[in-house]
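Below are a few exercises, each with a worked solution to check yourself against.

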Amino acid sequence: MKKIILSCALAFSALGLYAQGNNEPFALGADISWTIEQESQGVMNHTADGKPMENTALMKEFGLNAIRLRVWVNSETGFNTPQHVLEMARRASELGMDIMIDFHYSDNWADPGHNNIPKEWKDLKIIDVKGKLAEHTKSTLQLLKDNGIKVKWVQVGNETTNGMMWPIARIPDHFETYVELSNAGYDAVKEVYPEAIVITHLDDGYNRFLYEYVFNAMKRLGGKFDAIGMSVYPFWSKRDQTTKEAVTDIIDNINVLAKEFNCPVIIVETGATVWMPEQGYDFLSRLITAAKNETNGMCTGIFYWEPTGTYTPLKDSYGLGAFSSFKPTKIMDAFKEASGK
């Protein structure tokens with residue numbers, strides 16, 4: 001165990017040097033995993049002047065240089081399958097965009113409130129679940145690699161604040177199992193894409209205590225990760241997105257965590273209230289500017305979660321997107337300005 005922890009510490013040091021000296025572009029990204037499902041329903045989003053355009057190309061139009069895609073194991077909805085991920089990755093790759101793969105390790109949504117083990121795995125022993133997780137990770141990534149797709153980042157679990165694959169790897173009851181399964185995913189990623197940056201992702205990026213608790217435990221138990229992934233939503237964290245503190249607090253947290261764990265931090269999810277586009281624009285613009293200029297290069301990107309997920313201001317609409325009635329709101333201008341478009 002001491003050897004594992006020592007090698008982990010050396011890895012953190014190397015990553016810290018990489019992040020501070022890296023010349024790669026700051027990631028301006030979006031998770032647009034709903035795209036194929038939207039298309040199956042005949043939904044087509046538009047440019048500001050009303051021109052219909054496929055979602056990946058729309059993101060490129062606004063200056064985004066990266067796309068994030070979620071994948072489920074045996075999808076209960078028929079979407080977010082490895083084949084769907086391949087289709088979306090092809091579109092992004094053809095546009096020269098970087099790609100992040102987000103493994104949920106579930107048959108449906110995985111987050112702090114929903115993180116169920118895939119049904120086909122629920123009666124297996126831990127050692128067999130490890131094997132299934134590694135197999136799913138490798139086969140999905142190998143499918144992408146065999147089709148010429150370069151993957152830059154991989155999330156081993158989605159918002160694993162409370163662990164993953166409940167009940168067997170729930171935190172805090174089964175922290176050791178969580179680390180064991182997370183490491184199995186890490187190793188599987190490196191087998192296919194040795195250079196990929198593997199991310200451990202938690203929600204509520206404002207909560208420093210949470211991040212220190214989880215990542216200190218990861219270090220103590222020999223957990224492997226290359227970067228810290230954050231979700232940053234003023235709405236869910238009960239923050240006022242119109243205030244300076246909505247950005248200041250998260251940047252302070254990023255700087256403390258990057259120094260404490262000596263590894264890069266990436267905001268893999270954020271969102272603003274779509275029905276308040278001026279305020280949403282101000283929040284996102286300030287967040288991007290601060291993340292690029294006030295973290296000594298240790299915050300390496302920002303991804304907006306499902307900007308095109310908002311259809312109309314009616315029931316069942318997603319309230320933290322960046323499009324309204326199939327057209328971009330002012331929120332998207334923050335990306336365009338940050339990209340220099």
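**Exercise 1. The aromatic cluster**

Find out which residues are linked into a cluster by ring pairs, and work out what kind of pair Trp34 and Trp109 form.

*Solution.* 

Step 1: This is a predicted model, so we're reading geometry off computed coordinates. Ring pairs link Trp34, Trp72, Trp109, Trp305 and Tyr318 into a cluster. The structure as a whole holds 16 aromatic pairs.

Step 2: Look at Trp34 and Trp109. Their ring centres are 6.2 Å apart and their planes make 80°. Planes over 60 degrees apart count as edge-to-face, so that's what to call this pair.

Step 3: Trp34 is in the loop between β1 and α2 (35–40), while Trp109 is in the loop between β3 (98–103) and α5 (126–146), so their pairing ties together parts 75 residues apart in sequence.

Step 4: Now bring in Trp72. The centres of the Trp72 and Trp109 rings are 5.3 Å apart with the planes at 75°, so this pair is edge-to-face too. Trp72 sits in the loop between β2 (66–71) and α4 (82–94), so its pairing with Trp109 ties together parts that are 37 residues apart in sequence.

Step 5: Check the accessibility. Trp72 is buried, at a relative accessible area of 1%, whereas Trp109 is partly exposed at 31%.

**Exercise 2. An arginine with two partners**

Starting from Arg70, say which ring it lies over and which side chain it meets in a salt bridge.

*Solution.* 

Step 1: The ring belongs to Trp34: Arg70 lies over its face, 5.6 Å from the ring centre. Trp34 is also a member of the aromatic cluster from Exercise 1.

Step 2: The salt bridge goes to Asp31, with an N to O distance of 3.5 Å. Side chains of opposite charge can pair when their charged atoms come close.

Step 3: Locate the partners. Arg70 is in strand β2 and Asp31 in strand β1, so to speak two distant parts of the chain, 39 residues apart.

Step 4: Is this pair buried or exposed? Arg70 has a relative accessible area of 1% and Asp31 has 0%. Buried means under 20%, so both qualify.

**Exercise 3. Closing the barrel**

Trace the order of the strands in the barrel, then describe what β10 pairs with and how enclosed it is.

*Solution.* 

Step 1: Eight strands close into a barrel, and the order is β1-β2-β3-β4-β7-β8-β9-β10, with parallel pairing. On average, neighbouring strands are turned by 25° against each other, ignoring direction.

Step 2: On one side, β10 (residues 299–305) is joined to β1 (residues 27–31) by five bridges, running parallel. Ala30, for instance, has Tyr304 of β10 as its bridge partner.

Step 3: β10 is also joined to β9, by three bridges, and again the strands run parallel. Here Val265 has Cys299 of β10 as its bridge partner.

Step 4: Count the buried residues. Seven of the seven in β10 are buried, so the strand is largely enclosed by the rest of the structure.

**Exercise 4. A buried threonine**

Find which element holds Thr56 and which residues it touches.

*Solution.* 

Step 1: Thr56 is in helix α3 (residues 55–61), and it is buried, with a relative accessible area of 0%.

Step 2: Leaving out residues up to four places away in sequence, Thr56 touches Ile32, Ile67, Met88, Arg91, Ala92, Leu95 and Met97.

Technical notes:
Residues numbered from 1 in each chain as written. Predicted model: local features only at pLDDT ≥ 70, side-chain atom pairs only at ≥ 80, totals over all residues. Heavy atoms only, no water. Pairing = 2+ DSSP bridges. Helix = DSSP H or I, 4+ residues; strand = E, 2+ residues; numbered from the N terminus. Axes fitted to C-alpha atoms, helices over the stretch in contact; angles between N-to-C directions. Phe/Tyr/Trp six-rings, centres within 6.5 Å; stacked < 30°, edge-to-face > 60°. Buried < 20%, exposed > 50% of the residue type's maximum accessible area, 1.4 Å probe, protein only. Lys NZ or Arg CZ within 6 Å of the ring centre and 35° of its normal. Salt bridge = Lys/Arg side-chain N within 4 Å of Asp/Glu carboxyl O. Contact = heavy atoms within 4.5 Å.
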